[in-house]
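Below is a structure to read slowly, with questions and answers that go from single residues to the whole chain. Try each question yourself before reading on.

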Amino acid sequence: MKSIIKSLILLLIGVLHYKYISAQAVSNNPPNALIQIPAETIVDKIRGGLLGQMIGNLNGLPHEMQYIEQPGNVKNYIPSLPDGARTDDDTDFEWVYITMMQKYRNAYLPVDTIYQLWKQRINRNIWRANRYARFLMDMGIKPPYTGNTAFNPWSGFNLSGQFLCETYGLIAPAMPQTAAKIGLHYTTVAILGEPAQTTQFFTTMVSRAFINHDINSIIDDGLAAIDPASELHNIVKEVRMLYKTYPANWRQARQLMKEKFTRSNNDITDKNGYVLNTACIIAALLYGEGDYSETMKMAFNLGWDADCNAATAGTIVGVIKGYKWMMSQGWQITDRYKNTTRDYMPLDETITSFSDRLIELFKMINHDNGGSEALVNNTVVFNIPAEQPAPVMQLLNNSDEKARLQKQLKEELIGALKNGSRDEKARAAYMAVCIDMGYEFQKKYPAQWKEACYDLSGYWKAMSNMLTGQYNDHFEALNNLKAKFIAAGFKAPKKAYSDDELYNDLVVWKDPSVIY
């Protein structure tokens, strides 16, 4: 009995100590001041964040793109994963990276490794900016060019910057700048511009949720981590104002959000763009008021890309609540993470083993940043070099970026036109048209240019993706890019290819005479 009482006293002291240092960390920690957090707390919150992300993603799938004109009407909702979790693009891109980061003991995998991982493992169940990036890789275009707005028309608005970033906040607790740097290293494979700002925003919010449990304060942390010129500041300001004005009427707030932030008459840039969906995440967090189930229900009902939004909000609230609390609610959760999408990845993963990987990576990152593990009053703690939220990437000016690319790539592209292999010539033609150098090259090197255009035409997945669209989508950046290629003499393939054809046909280059 005495030993039990002693254990309870030590536990209480540890909890009070954690709450004290958490308050200090939020209020007045200088940059990179070491804070102590019980190891049990860190582990619990990492597991809670991952579980919260998976529940939000998979429970949100039935609501994905279902509520556009009007909100949803989900009333009775109990979080559950009765069959366990499975791979989906909200979590499985990060899973691929996390396993390799763990294997190579490196949070920043080299570009060539990322490129090879995509070609080997990320070949199906990929959409929008990610699909476009993957097909650019067929001709040898590597990150970060695959995510540059000059070469990937989806990269300037796509949601990929936020729904592929949350896990990086989980491996950098209380280190938001590190979380943002790691997140950007991977999300910019397919996005740039404002979507990259959402990576900074949400990785920071997840990271800070380990030591800051107030939703409004966590949102402030996220805002401190983005370029002051980012549109996200205005989006968050507007949603906060709506919540303050209609605290008991989320439907009215949702209607005004729709009127304020709809940019393209509910076309793809609205449905799959960062503007409306970021607004939905913030609204879900505010109206959910820290309650996990209510936050998820709000994310579903607010609509648009509901599964992505619920996954992001679910990660933040999952960190706040922790795994033990979540598992104590009586929800039906089966410990499984079934691989249904990613080649050459484990078939026996569980939610627990996935989170074990995150815990191991946190320890590595913490050590690399100058942190440590210690025993204090018989309690294992982590000494973490806490960081203050701050932008690690500024917004880019598209005109300046194009000029930079022209200067940087000109000699390389000319060399490829003259002496390159088939994929090098195709790559040179693609990039030259994108950055408005095609006409110059055609005039100076007509024979080589003609050959390079022929080679490029054979990359049927990339050309179909650009000239026929994924689902006949039309938006300004894609239309502008199509116009450039049509002016350069390129034609769309005879048919628009189905997902099965694009995913299952492993031949990446085909004779243009067959395609066109």
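Q: In which loop is Ala174 found?
A: This is a predicted model, in which local features need pLDDT of at least 70 and side-chain atom pairs count only at pLDDT 80 or more, while totals for chains, interfaces and linings use all residues. Residues are numbered from 1 along each chain as its sequence is written, and side-chain values use heavy atoms, with hydrogens and water left out. Helices (DSSP runs of H or I, at least four residues) and strands (runs of E, at least two) are numbered from the N terminus. With that numbering, Ala174 is found in the loop between helix 7 (166-170) and helix 8 (176-187).

Q: Is Ala174 buried or exposed?
A: A residue is called buried under 20% relative accessible area, exposed over 50% and partly exposed in between, using a 1.4 Å probe and protein chains only. Ala174 has a relative accessible area of 0%, and therefore Ala174 is buried.

Q: What is the phi of Ala174?
A: Most residues other than glycine have a negative phi. Ala174 is not a glycine, and yet its phi is positive, at about 65°.

Q: How does Arg105 count, as buried, partly exposed or exposed?
A: Arg105 lies in the loop between helix 3 (92-104) and helix 4 (111-121), and this residue other than glycine also has a positive phi, near 55°. Its relative accessibility is 43%, so Arg105 counts as partly exposed.

Q: What is the peptide bond from Pro143 to Pro144, cis or trans?
A: Most peptide bonds are trans. Pro144 has its place in the loop between helix 5 (128-137) and helix 6 (160-163). The bond that joins Pro143 to Pro144 has an omega near 5°, and it is cis.

Q: How far apart in space are Leu81 and Thr334, C-alpha to C-alpha?
A: Leu81 sits in the loop between helix 2 (39-60) and strand 2 (85-86), and it is buried because its relative accessible area is 3%. Not counting residues up to four places away in sequence, Leu81 touches several residues (contact means heavy atoms within 4.5 Å), including Leu51, Gln332 and Thr334. Although Leu81 and Thr334 are 253 residues apart in sequence, their distance in space is 6.0 Å.

Q: How far apart in space are Leu223 and Trp509, C-alpha to C-alpha?
A: Leu223 belongs to helix 10 (residues 215-224), and among its contacts beyond four places in sequence are Phe201 and His233. Leu223 and Trp509 are 286 residues apart in sequence, and in space the two are separated by 45 Å.

Q: What is the radius of gyration of the protein chain?
A: The protein chain has 26 helices and five strands, and 58% of its residues count as buried. The radius is taken over C-alpha atoms, and the globule rule is 2.2 Å times the number of residues to the power 0.38. With 516 residues, a compact globule would have a radius near 24 Å, which agrees with the value for the protein chain, 24 Å.
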